[in-house]
Amino acid sequence: MCKNESVHNLNFGDEKMSEKIYTDYFFDEPAYNTHDGGYVPLEAPETVPQPLGIPSLLKPVKETATDTYYEVVAQAGETQILPGAKTKTWGYNASLLGQSIVFEEGKHIHIDLINHLPELTTFHWHGLNVPGPYVDGGCHAPVYPGETKHIDFTVNQPAATLWLHAHPCPSTAEQVWHGLAVPVIVKDKIEAQLPFPRNYGVDDIPLVLQDRKFHEDNQWDYDADYDPDGVQGPTPMINGTVNPYFDVTTQRLRLRILNGANRREWRLHFDNDLPFTQIASDGGILPEPIKFTHLMLTCAERAEIIVDFGQFKPGDEVALYSDDVAIVRFRVHEFEPDNTVLPDHLVDIDSPEVTADAPVHHVVMSGMDEEVMMDDKKFGMQRIDAKQELGHVEYWDVTNTNEMHGGMVHPYHMHGTQFLVVSRNGHEPYPNERGFKDTVGVNPGETVRLKVWFDYAGVFMYHCHIIEHEDGGMMAQLEVVDSKHPQTYKLMDHHTLMKAFAEERGIPVEKLRLAGMSSYEKMNMEM
Ligand SMILES: [Cu+2]
């Protein structure tokens, strides 16, 4: 259902070829966040440009031929983001965001999860195919201040750009806002054979897109900025850098873009509509490279793109924009010519047959503001809303009942799986949705059909990834059942978590205010 595609004739040296270049954002324009009453437009920063911060790579504490050991520390600190006072921030193994973590497919990973924060948190591996609910790190897996918990798992999925973020309910949004979000890169032997840039920090760069409002003394004030439809700020912050530039020293640059914002949609395009090639979506490499001039990412979605600077010369600058605000400036330097042409076919994506007689799951995302719900309910930590047998392949039909005008695109995310997008209202999915995904933007009035299966048993959450919506109850959970080896799970409850948060803050629980609470109260619903 490509609304707008154009065929450009491009010259590659002597070779002339016709190539399809998509120029559309695909999503429904009337539902863009720019139409929200509470929309906060991005503003171009006036501060001096800074080199783009690149998260360093987390070093394993130990490595063998088969096993890798990491320590991941959630910590509080201060970060020089703007001139003047440092900003109080949180991060993983760093004061803000953190150190990128690389997993190799097939390796057994052991991680000590260490909490040096003043309050409880959880470590959620967004997009990672691991058992739930404890290894997955959703709200049932709190790590209390001063505590260390251990997880281990085998990396069992193709190369992809995933991420780690905090997920304690109902304070996920505030903890991510503080800075608890970092890229996780899975590598495998197939990706290693493809002609992609992969020199991390040089021609292979993560771009974590976020936005913040800086208050007095350069501090963030989550409560002051609170909006039940998602907290926004006017200042684009990319990898924790305000007004960043990047020195381009290779003709081709691979950008691993993550929408790490609580609510903001990013509508990306370069100066002069420079085309770029998407090579991967949330869960891995696309079957075919797709050329775009414009790309919209809803919250938590990822896209890996390759940008070719071959037509530029040293001294040129090429900006990446979201809507009409430049968010990263690429400063072109000398580089060796690199006219690598990507193969037409990148990887095979096998779409498994749906299990015979399997039920079709129906999920309804409804409401806005405090009224957001999933299947007419708000999230209950001890309630199982759906079941699916381990290994079965089932359709999930996900509907957004918002009105087109005045409604919004809700990004639907499932833990513990990489799914395939089958259709949008019965039509073909967007051209860059033919690979594995874990988050899909659902337009108002639309039903997106997904093909979903799980490799591990457990309890997994599924929710809108506008983070204030999930905290506000637009979330549910399913149990993946292994009938041959039934298991029981100790599920946390909101009250236990709220009591812990209150104790950590030294206040009575009645005085505790956390992000999602107002959404339950306004609807007279129990947490
Ligand atoms: Cu939502």
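**View 1. The chain is divided into domain 1 (5-47 + 196-332), domain 2 (52-188) and domain 3 (361-496).** The bounds of these domains come from an automatic or database domain assignment. Residues are numbered from 1 along each chain as its sequence is written. This is a predicted model, in which local features need pLDDT of at least 70, side-chain atom pairs count only at pLDDT 80 or more, and totals for chains, interfaces and linings use all residues. Here pLDDT is the predictor's confidence in each residue, from 0 to 100. The chain has a mean pLDDT of 95, and 97% of its residues reach 70 or more. Over residues 1-17, however, the pLDDT is below 50, and this stretch has 25 contacts in the model beyond near neighbours in sequence. Two residues are in contact if their C-beta atoms, placed from the backbone, lie within 7 Å.

View 2. Domain 1 and domain 3 each bring 30 residues to the contact. On the side of domain 1 that touches domain 3, strands E20 and E21 each supply at least two residues. E21 gives the most to this side, with five residues. By residue class, the side of domain 1 that touches domain 3 holds 14 nonpolar, eight polar and eight charged residues. Ala, Val, Leu, Ile, Met, Phe, Trp, Tyr, Cys and Pro count as nonpolar, Asp, Glu, Lys and Arg as charged, and the others, Gly among them, as polar.

**View 3. Strand E20 (residues 276-281) is largely enclosed by the rest of the structure, because five of its six residues are buried.** A residue is buried if 20 or more other C-beta atoms lie within 10 Å of its own, exposed if 12 or fewer, and partly exposed in between, with C-beta atoms placed from the backbone. Helices (H or I, at least four residues) and strands (E, at least two) are DSSP runs, numbered from the N terminus. Two strands pair if DSSP finds at least two bridges between them. E20 pairs with strand E21 (residues 284-292) in the antiparallel sense over five bridges, and a hairpin of two residues joins E20 to E21. E20 also pairs with strand E23 (residues 302-308), in the antiparallel sense over three bridges. Gln-278 stands opposite Ile-290 in E21, and its bridge partner in E23 is Ile-305.

**View 4. Six strands form an open sheet in the order E3-E17-E25-E24-E19-E22, with mixed pairing.** Strand E3 (50-51) and strand E22 (295-297) stand at the edges with a single partner strand each, so one side of each is left without a neighbour in the sheet. The pairing of E22 with strand E19 (residues 266-270) is antiparallel and spans three bridges. Leu-268 has Leu-295 in E22 as its bridge partner.

**View 5. Asp-28 is found in the loop between strand E2 (15-22) and E3.** Asp-28 is partly exposed, with 18 other C-beta atoms within 10 Å. Its contacts, leaving aside neighbours within four places in sequence, are with Met-404, Asn-443 and Pro-444. Asp-28 and Met-404 are 376 residues apart along the chain, yet their C-alpha atoms are separated by 8.0 Å.
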